[in-house]
Structures are given as C-alpha cells and as structure tokens.
Amino acid sequence: MGKYLGVSAVQMNIVPGDTNANVTKMLDLARGNVEDFPWVNMIVFSELVIPGFNAATLLEQAEPVPGPTTERIGEVAKELGVYIVAGSMFEKAGDDLYNTTPVLGPDGSLVAKYRKMFPWLPLEPSKPGKEFCVFDIPGLCRVGVCICYDFWFPEVCRQLTWMGADVIVHPTMTPTSLQRAEIDVAKVRALENGVFMVSASGSGLHGGLGLGGGSVIIDPEGRVLQQLDNSENIVNELLNLEQVEISQEFGSVTLSVQGMKHLAEMNHTFPIYTEGYKKGEFFKKRGAAQGIESYLGRRKISLPYTP
C-alpha cells in the first residue's frame, strides 16, 4: 500500500479582534473533525484566523511565537495526534510585527513557523519575512508553507518545491472578488511544480472584507479534488503521495512537463535576479509598490485605527 496523507482545510467565519473566541472555535472544529475523520494527519486553517483582522486591536493582539496561543493550540494537536497549521497570527518580535503561520506537531511542539514574505501592500502593516519554510511529517512527506499573496509570486512555490516539498499549504483570507482567480493560480502552482496544494480560506465578513471562501485541495496534475463555496465548512481529502513522485519524475500526464528537471538542464540565469529588480525597464516606468507609510500619510489615517 502506498503513502497517504489525510488533510483537512477549515473554512470558518472569524471574529475580528477576538483571539480567544477564534482559537476556541478552531480547537472545537479540530476535535469534531478528527472524531469524524480519524485518518486525518494535518489540519490547515486560514490566514489571520487567530486574531481576526481588526486594525484597532492588531498591535495589542500581537504576541510572540512560541507563546501562550501556540501553546494552547499545541495541547490540542498533541491530544488529537495531528499537525495543526494554525492559519496565521500577528507575531511580535521586538519592535517588529510579522504575519506568521505557526505549525504545531502531534507532540504539541512548535515544529515550524513561517513569516509571510510578501505582505499585501499597502494595506498590510507587517514586516516581510526572510526565510522559506518546510517541515517534515516523518515517514510520509515534506510540507511547504506560504501565506495568501505569497503564492502570486511563482518563485515562492518553486523554491519550496526545490527544498523538497511534496505538499504546499496556503492559508489565505482573499476577498470575494479575487477568490475565483486565486483558485486558478493554485491550480497552476500545483501543476507547474508537481505538488499538492492545500489552500484554506476564511468565510463571512472579516475586518470589513467579504471573504471569498473557496478553500481548495488540488493534485499535482492541477486537478481540483475538493472545493468549497463561500460558506463555513471543512473539506477533507486523502492525498496519494505517489502522485507527486509520478508527476515530478515523468512529468504531467496531460502535458509531459518536467519543469524542475528542465531548469537544471537549461541552466539559465535570469537577469531580474542577477542584476537587481529595480534596474529593469518595468521599474523605471512603474516604480515600486506603495508602502503602508505613504499610503496612510496620503489617507491621513493611522494604525491602529480609531474612529
């Protein structure tokens, strides 16, 4: 019998600014889901599910990782014997603020944490992370982590695949109007890298945004295995990890594309990386993205926002 990974993507309505309410609900849903699906190895939650995005409270909600909240989630991960990819939270590290995904293991420990590398400028106040993140599920597979806007940059998932990821988990809180496009992006990331994509989104109203839901699990051929609408729900799937080996070794069944192998054979260098982003014609014409400081200055508001 082959290797299988049981995964759950939890799509829940989130209370903005209420860490305790959100974490209580997360843990209740995790317990109930494992009771119904005892073969699950890993549960994935959505971006900022822990604090619930609220500009007025986000700074006071930020906490260290590891810290009290990750310890609380780790106790339930140990109780259930699963990995919990706990969406994300605002991490306080000295004077810096990060949008961080904590991963708790079946022994209750913090096995990994990932700081979002591409905050959604100009509206996301967190500092960009600097390190890619993978973690191992012993005897089964390696899992890569990215958050929301990160995977709009193809290099992120390609790097995680280069680091050995078989499955990429993607907590997100994409607004309604963009979610349809994000599902298509997830299909492409799975197909071009020969990996499973597990994207967990939020639902309902969140910080003034209508979240699009659409949590999705996609196989290495870019085929949708499970997809939710925009209501609160949980999706479960058993991943046949041999599909990763087949897709990466022989290429996509539909296209015979062996992208990672071709990169090695072609041995190209890309001037955008070797010469610097800002030396290209695009940046000479368009410039860099607007930062949150200039955005807030132009809007004449400040964070945390108080009406």
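Start by selecting M42: beyond its neighbours within four places in sequence, M42 is in contact with L5, G6, V7, S8, Y83, V85, F135, I137, V143, V167 and V169. Contact here means heavy atoms within 4.5 Å. The model is predicted, so local features need pLDDT of at least 70 and side-chain atom pairs count only at pLDDT 80 or more, while totals for chains, interfaces and linings use all residues. Residues are numbered from 1 along each chain as its sequence is written, and side-chain values use heavy atoms, with hydrogens and water left out.

Buried means under 20% relative accessible area, exposed means over 50%, and partly exposed lies in between (1.4 Å probe, protein chains only).

Move to H170, in strand β9 (residues 167-172). Strands are DSSP runs of E with at least two residues, and helices are runs of H or I with at least four, both numbered from the N terminus. H170 counts as buried because its relative accessibility is 0%. Show what surrounds H170: leaving aside neighbours within four places in sequence, its contacts are C146, I147, C148, F151, E182, M197, V198, S199 and A200.

Now go to L191, in helix α5 (residues 176-193). With a relative accessible area of 30%, L191 is partly exposed. Draw a distance from L191 to F282: the two are 91 residues apart in sequence, and their C-alpha atoms are 28 Å apart in space.

Finally, zoom out to the whole protein. The C-alpha atoms fill a box of roughly 55 × 55 × 35 Å along the principal axes. Buried residues make up 47% of the 307 residues. Of the contacts between residues at least 6 apart in sequence, 69% join residues at least 24 apart.
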